[in-house]
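Biologist: I've got the model open. Can you walk me through how to read its strands?

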Amino acid sequence: MCHPQQNQHNLQMDARSAFFWVSCSVFHVRSAAIFAAHHRKSLMPEQNTPETEALQFTNVAALYDLLMTGVPYDDWVTYIEELLESRNAAPKRVLDLACGTGNVSVLLAEKGYEVTGVDIAADMIEAARQKPVQPGWRMEFFNQDAAEMDLGDRRFDLCISLFDSLNYITDPQRLQMAFHRIAHHLEEGALLIFDVNSEYALKNRFFDQDNRDYPEERLMYDWKSVYDEKTRICRVYMAFWYREDDGTTREFKEVHVQFAYKAPELVAMLETAGFTDISTYQAYTMRMPGRTADRLYFVARKG
Ligand SMILES: C[S@@+](CC[C@H](N)C(=O)[O-])C[C@H]1O[C@@H](n2cnc3c(N)ncnc32)[C@H](O)[C@@H]1O
């Protein structure tokens, strides 16, 4: 086990570099001017209609793993195992909720966990299902909405939901339903571990980023966020440019929508769903979150 104090620095570095999906380390510095000038189009929010919001995790699904190349998923799994150890938990059957393309599911299956991944985006689940599976791995994927998740009589001794996936459930009532569904599928005493983007992060536009200074990258992107203080909704207008094998560039857009949940609200929702023994951490540490923490981790026990 890595001692929390020992790995705290590295994990914080990783967390920062991986923040909101993309590690800058993926992209190497070269001049971007020509590519950027040619391919960047205006991302003015008003150009996006509400319908485009339905597009989140569709076009990007096939390129998600490329986008995630620098994300330290291994370190996240190490951190999860530290949190488990701090609770003397040794789960075997894991529900990876909002698993995306299954990057964490695969790492857990490799370590011998029995993993069930669930995600609302059919294209993400499709990508997860296409991942190579080694003999002996136990891993399955379902395309379902967390709020209405029904996995029959399956019961788990851990549920994880990583990379601010729960912020995407923008209706608090639906998130409450999701917590109830998670509780339903957990054994008594099992743990739920998830992370969220903090209100501070969404307010302070941590989503705003681009890699237009790295034109050699096959996948370029430019994201702009708009946060509404009243609704606590953050809309992220994402533009991507992917260089195909034949050298042509394909452009596509997605609008991602997140809700800024406050920690006490999440604690109350967890309690309503029957969770106890709830702790909140500054991501990748064993400390309570500070005022400017951008990512919060929650650990809760069913029953
Ligand atoms: C940023 S991605 C994270 C994916 C994965 N956990 C990872 O670490 O790479 C957020 C994921 O949440 C999923 N998601 C959003 N709302 C959901 C819901 N209501 N039920 C299940 N999955 C959902 C999206 O489809 C997407 O795959």
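Modeller: Start with strand β2 (residues 114–119): five of its six residues are buried, so the rest of the structure largely encloses it. Buried means 20 or more other C-beta atoms, placed from the backbone, within 10 Å of the residue's own. Strands here are DSSP runs of E, at least two residues, and helices are H or I runs of at least four, numbered from the N terminus. Mind that this is a predicted model: local features need pLDDT of at least 70, side-chain atom pairs count only at pLDDT 80 or more, and totals for chains, interfaces and linings use all residues. Numbering runs from 1 along each chain as its sequence is written.

Biologist: In which sense do β1 and β2 pair?

Modeller: Strands of a sheet pair through backbone hydrogen bonds, either parallel or antiparallel. Pairing takes at least two DSSP bridges. Strand β1 (residues 93–97) and β2 are parallel, over five bridges, with R93 opposite E114. From β1 the chain crosses through helix α5 (residues 103–110) to β2, a right-handed β-α-β crossover. Right-handed means that, with the strands pointing away from you, the path from the first strand over the helix to the second runs clockwise.

Biologist: And which strands form the open sheet?

Modeller: Four antiparallel ones, in the order β6-β7-β8-β9. β6 (209–210) and β9 (249–259) are the edges with a single partner strand each, so one side of each lacks a neighbour in the sheet. Eleven bridges join β8 (residues 233–243) to β9, and R235 has V257 as its bridge partner.

Notes. A residue is buried if 20 or more other C-beta atoms lie within 10 Å of its own, exposed if 12 or fewer, and partly exposed in between; C-beta atoms are placed from the backbone.
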